[in-house]
Amino acid sequence: MPRPRRRVPTLTLHKPTDQNRCRWEGKDHYFGPHGDPETEEKFRRWAGELLTAGVAPDSRTRPPRTGEPRRPPGGLTITELIAAYRRHCLAYYREPTAGRRRKWRASSRV
């Protein structure tokens, strides 16, 4: 299973150039020399613009979870799918009747 992606960008060090950078949507954004307070302020402004524009949803602004399961439009929940598959298996792979069992035993001897 793939690792979940971060929704809020983070500031990292680009070692070859000794600059702070952020990778967002496959592009590198450079903010200036590492350790400079002005660089961190530039990043905070840039990240704040993303959050206020709704491009990068913040985990703190998500709606609270409810007790009911999320249902895809026109789809089944996992529980309903498992129950339907179990019913199918019980009907399809049922215990063979006595007549079928005898035929199977007779054909297996050949």
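**Exercise 1. How many salt bridges does the count come to, and which residues share partners in a network?**

Solution. The model is a predicted one. A pair qualifies when a side-chain nitrogen of Lys or Arg lies within 4 Å of a carboxyl oxygen of Asp or Glu. By this rule the count comes to four salt bridges.

Step 1. Begin with helix H1. Glu-40 is bridged to Arg-44, with 3.7 Å between the closest N and O atoms. Both residues belong to helix H1 and stand four residues apart, about one turn of the helix. An α-helix has 3.6 residues a turn, so residues three or four places apart point the same way. Glu-40 is partly exposed, at a relative accessible area of 32%, whereas Arg-44 counts as exposed at 51%.

Step 2. Identify the network. Shared partners join Arg-21, Arg-23 and Asp-28 into one network of salt bridges.

Step 3. Examine its links. Asp-28 meets Arg-23 at 2.9 Å, N to O. Asp-28 also forms a salt bridge with Arg-21, where the closest N and O atoms are 3.3 Å apart.

Step 4. Arg-21 counts as buried at 19% relative accessibility, because buried means under 20%. Asp-28 is partly exposed at 30%, and Arg-23 is exposed at 53%.

**Exercise 2. Determine whether the length of helix H1 agrees with its number of residues, and describe how its buried residues are arranged****.**

Solution. 

Step 1. Helix H1 covers residues 37-53, which makes 17 residues. The expected span is 1.5 Å times one less than the number of residues, and for H1 this gives 24 Å. The end C-alpha atoms are 24 Å apart, so the two values agree.

Step 2. List the buried residues of H1: Thr-39, Phe-43, Trp-46, Ala-47 and Leu-50. Viewed down the axis of H1, the buried residues fall within an arc of 95 degrees, and therefore line one face of the helix.

Step 3. Turn to the other side of H1, where Pro-37, Glu-38, Arg-44, Glu-49 and Thr-52 are exposed.

Step 4. Find the packing partners. The buried residues of H1 pack against strand E2 (19-24) and strand E3 (27-33).

**Exercise 3. Describe the aromatic pair of Phe-31 and Phe-43, and state which parts of the chain the pair ties together****.**

Solution. 

Step 1. The structure contains four aromatic pairs.

Step 2. Locate both residues. Phe-31 lies in strand E3 and Phe-43 in helix H1, so the pair ties together parts that are twelve residues apart in sequence.

Step 3. Ring pairs link Phe-31 and Phe-43 with Trp-46 into a cluster.

**Exercise 4. Is Asn-20 buried or exposed, and with which side chain does its own side chain make a polar contact?**

Solution. 

Step 1. Asn-20 counts as buried, at 3% relative accessibility.

Step 2. Its polar partner is His-34, the two side chains being in polar contact at 2.8 Å.

Step 3. Consider the contacts beyond four places in sequence. Among them are Leu-11, Thr-12 and Leu-13, as well as His-29, Tyr-30, Phe-31 and Gly-32. Asn-20 also touches Thr-39, one of the buried residues of H1.

**Exercise 5. Where do Asp-18 and Glu-25 lie, and what phi does each have?**

Solution. 

Step 1. Asp-18 lies in the loop between strand E1 (12-14) and E2. Its phi is positive, about 55 degrees, although Asp-18 is not a glycine.

Step 2. Glu-25 is found in the loop between E2 and E3. Glu-25, likewise not a glycine, has a positive phi of about 55 degrees.

Step 3. Assign the exposure of each residue. Asp-18 counts as partly exposed at 44% relative accessibility. Glu-25 is exposed, with a relative accessible area of 66%.

Technical notes
Residues are numbered from 1 along each chain as its sequence is written. This is a predicted model: local features need pLDDT of at least 70, side-chain atom pairs count only at pLDDT 80 or more; totals for chains, interfaces and linings use all residues. Side-chain values use heavy atoms; hydrogens and water are left out. Helices (H or I, at least four residues) and strands (E, at least two) are DSSP runs, numbered from the N terminus. Buried means under 20% relative accessible area, exposed over 50%, partly exposed in between (1.4 Å probe, protein chains only). The arc is that of the directions from the helix axis to the C-beta atoms. Contact means heavy atoms within 4.5 Å. Rings of Phe, Tyr and Trp (its six-membered ring) pair if their centres lie within 6.5 Å; planes under 30 degrees apart count as stacked, over 60 as edge-to-face and the rest as tilted. A polar contact is a pair of N or O atoms within 3.5 Å; within protein, one must be able to donate a hydrogen and the other to accept it, and residues adjacent in sequence count only if both atoms are side-chain atoms.
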